[in-house]
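Open the model in your viewer and keep the selection tool at hand. The tour goes stop by stop.

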Amino acid sequence: MTKKYQDVIDLINQRIDKQSYLPGDKLPSIRALSTQLGISKNTVIRAYQQLEANQRIEALPRSGYVIAQPTVAHAVQPKPSYVDLMTLSKDIMSLPPSRQVLPTGSAHPDTHFPAIRSLYAEIGRHSRYQTHIPSHYQLPPGNEVLLRQLVYINQELGITTSAQDLLITHGAQQAISLGLQALTRPGDIVLVESPCYFGNLLLLESLGLQVIEIPASPSHGIDLPALAQALESWPVTAIILNPSFNNPTGYLMSEPDRRQFLAMTGEIPIIEDDVFGDLAYGRRPPPLKALDDRDRVIYCNSLSKTLDSRLRIGWVIAGKYQPVIEKRLMTDNMGSLNLMQSAVGAFLSSGKYRQHLSKIRRSYARKQRQFAQMLCESLDHYPWLRGQYQLSQPEGGFLCWLALPEHADSEVLYQQALARDISILPGSMFSTQPHYQHCLRLSFASFAETPRWHDGLRSLADIIATHLQPT
């Protein structure tokens with residue numbers, strides 16, 4: 001009995017220390033945890049009571065237990081550091097694609113929808129039309145038809161804007177890069193949530209910027225008390241945040257937390273990465289840009305996650321920073337993709353995009369449930385894995401975050417999975433620190449209830465179980 005309840009205490013403490021649980025996160029119910037671990041409810045109750053006495057967790061009336069806020073004396077103070085992820089990222093991203101690979105490592109959307117066929121038919125028509133017009137550059141801000149359609153898309157998201165306020169970019173990545181170039185100089189400190197999308201970390205690396213990583217919960221997002229401490233300690237030049245169906249964890253920041261975040265950050269410029277924001281299964285809070293009353297949020301979005309990554313159609317709403325960003329956009333590119341902009345503008349004008357969004361949201365919501373059930377059943381087949389992992393349950397998008405026991409090595413798992421034609425992304429790609437070596441980012445965009453996926457997820461569970469099998 002003593003050993004069992006102490007095992008539960010050790011497990012919860014490890015998850016808190018490794019930031020798998022963050023302040024405010026809700027713990028599993030007594031019944032749920034007893035079922036997961038195969039122990040009695042009394043054992044869980046005793047463990048929770050001891051953790052509460054140690055001020056690691058606290059009981060909320062009629063809500064169960066949550067992780068307690070750390071005292072300032074024991075809080076981990078994040079410090080600025082330079083990014084060094086290029087070698088690891090290049091090795092992983094340069095692997096040749098294969099039809100045989102189970103694509104759980106990819107962040108590309110499912111393109112097997114009728115609207116995508118219509119989109120490429122439109123691109124074909126515009127391609128043929130290009131031969132009948134003189135060659136020219138599509139100068140910023142971009143194609144007029146496409147700009148008008150993007151105004152409607154932003155209105156649906158809660159952002160009131162005009163075509164004059166938009167700049168079309170080569171995907172959201174270029175929009176974020178332009179924002180960073182406009183706001184920072186080499187050596188400046190940029191604050192991000194952690195884990196953070198590796199593409200944003202690579203941008204910081206390429207621009208010679210320092211980064212402060214603030215832990216973010218897979219359930220509700222960035223740790224606001226830790227954010228406040230970092231802002232008091234360091235001269236932060238800019239903040240990058242991906243608050244809606246975050247890459248990699250899938251978290252959704254609540255509207256009250258968004259408002260508190262904006263109030264806490266004062267006049268610091270914010271780059272909002274909202275590429276998954278239009279993939280909510282239900283209602284979503286308004287973007288930070290819609291709540292911003294100081295014109296300091298640079299809003300970045302694209303059609304890469306809702307239509308197709310290959311389009312490379314993004315946009316930025318930069319507010320007071322628009323003139324300098326437009327100048328950089330003009331001098332960097334001397335124009336953009338005429339064909340793609342005109343074709344996508346025509347496709348959006350057809351009205352098919354809204355129907356497509358409705359269809360893919362339902363599809364991803366269904367896939368999320370099915371994928372999670374199948375993966376958890378496969379992992380739970382191994383007794384030593386039951387109750388020892390956490391799989392995020394996003395309310396939008398198509399990415400989830402799997403946290404394994406702390407001694408797991410995600411880069412070893414990545415190599416072993418690849419040998420069985422399964423792609424995953426190791427957690428080490430999403431931080432400059434070794435906080436997420438035991439985590440994996442998984443995509444369920446292309447999931448289907450087929451023998452291929454059943455077998456693939458069982459193989460992945462077998463790889464994980466063998467890696468973590470007690471000696």
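What follows is a walk through a predicted model, one selection at a time.

**Stop 1: two crossing helices**

Select helix H2, residues 30-37, and helix H3, residues 41-53. Their axes come within 8 Å and cross at roughly 115°. The crossing of H2 past H3 is right-handed. Now show the side chains at the contact. From H2, pick Ile30, Arg31, Leu33 and Ser34. They meet Lys41, Val44, Ile45 and Tyr48 of H3. By class, this contact has five nonpolar, one polar and two charged residues.

**Stop 2: a cis peptide bond**

Go to serine 194 and proline 195. The peptide bond joining serine 194 and proline 195 is cis, with omega about 5°. Proline 195 sits in the loop between strand S6 (189-194) and helix H8 (198-206).

**Stop 3: glutamine 181**

Select glutamine 181, in helix H7. Is this residue buried or exposed? Glutamine 181 counts as buried, because its relative accessibility is 19% and the cut-off for buried is under 20%. Leave aside the neighbours within four places in sequence. Glutamine 181 then has contacts with Leu207, Arg328 and Asp332.

**Stop 4: helix H12**

Select residues 322-333, helix H12. This helix has 12 residues and spans 16 Å from first C-alpha to last, close to the expected 16 Å. Colour Gln322, Ile325 and Leu329, which are buried. Why do they share a side of H12? They cover an arc of only 70° around the axis, and that puts them on the same side. As background, an α-helix has 3.6 residues a turn, so residues three or four places apart point the same way. Turn the view to the other side of H12. There, Pro323, Lys327 and Thr331 are exposed. What do the buried residues of H12 pack against? Their partners are strand S5 (166-170), helix H7 (171-183), strand S11 (297-302) and strand S12 (313-317).

**Stop 5: arginine 312**

Stay with two of those strands. Arginine 312 lies in the loop between S11 and S12. Its phi is near 55°, a positive value in a residue other than glycine. Arginine 312 is partly exposed, with a relative accessible area of 27%.

**Stop 6: helix H13**

Select residues 338-349, helix H13. H13 has 12 residues and reaches 17 Å, close to the 16 Å expected. Nine of the 12 residues are buried, so H13 is largely enclosed by the rest of the structure. Among the buried ones are Met340, Val344, Phe347 and Leu348. The buried residues of H13 pack against helix H5 (114-130), helix H6 (144-157), S5, S12 and helix H14 (352-380).

**Stop 7**

Select residues 410-419, helix H15. Ser410, Leu413, Tyr414 and Ala417 are buried. Their arc of only 105° around the axis puts them on the same side of H15. On the other side, Gln415 and Ala419 are exposed. Finish at aspartate 421, in the loop between H15 and strand S15 (422-423). Phi of aspartate 421 is near 65°, a positive value in a residue other than glycine. Aspartate 421 counts as partly exposed, at 36% relative accessibility.

Definitions and conventions
Residues numbered from 1 in each chain as written. Predicted model: local features only at pLDDT ≥ 70, side-chain atom pairs only at ≥ 80, totals over all residues. Heavy atoms only, no water. Helix = DSSP H or I, 4+ residues; strand = E, 2+ residues; numbered from the N terminus. Expected span 1.5 Å × (residues − 1). Buried < 20%, exposed > 50% of the residue type's maximum accessible area, 1.4 Å probe, protein only. Arc of directions from axis to C-beta. Contact = heavy atoms within 4.5 Å. Axes fitted to C-alpha atoms, helices over the stretch in contact; angles between N-to-C directions. Left-handed = near helix turned anticlockwise from the far one by under 90°. Nonpolar A, V, L, I, M, F, W, Y, C, P; charged D, E, K, R; others polar.
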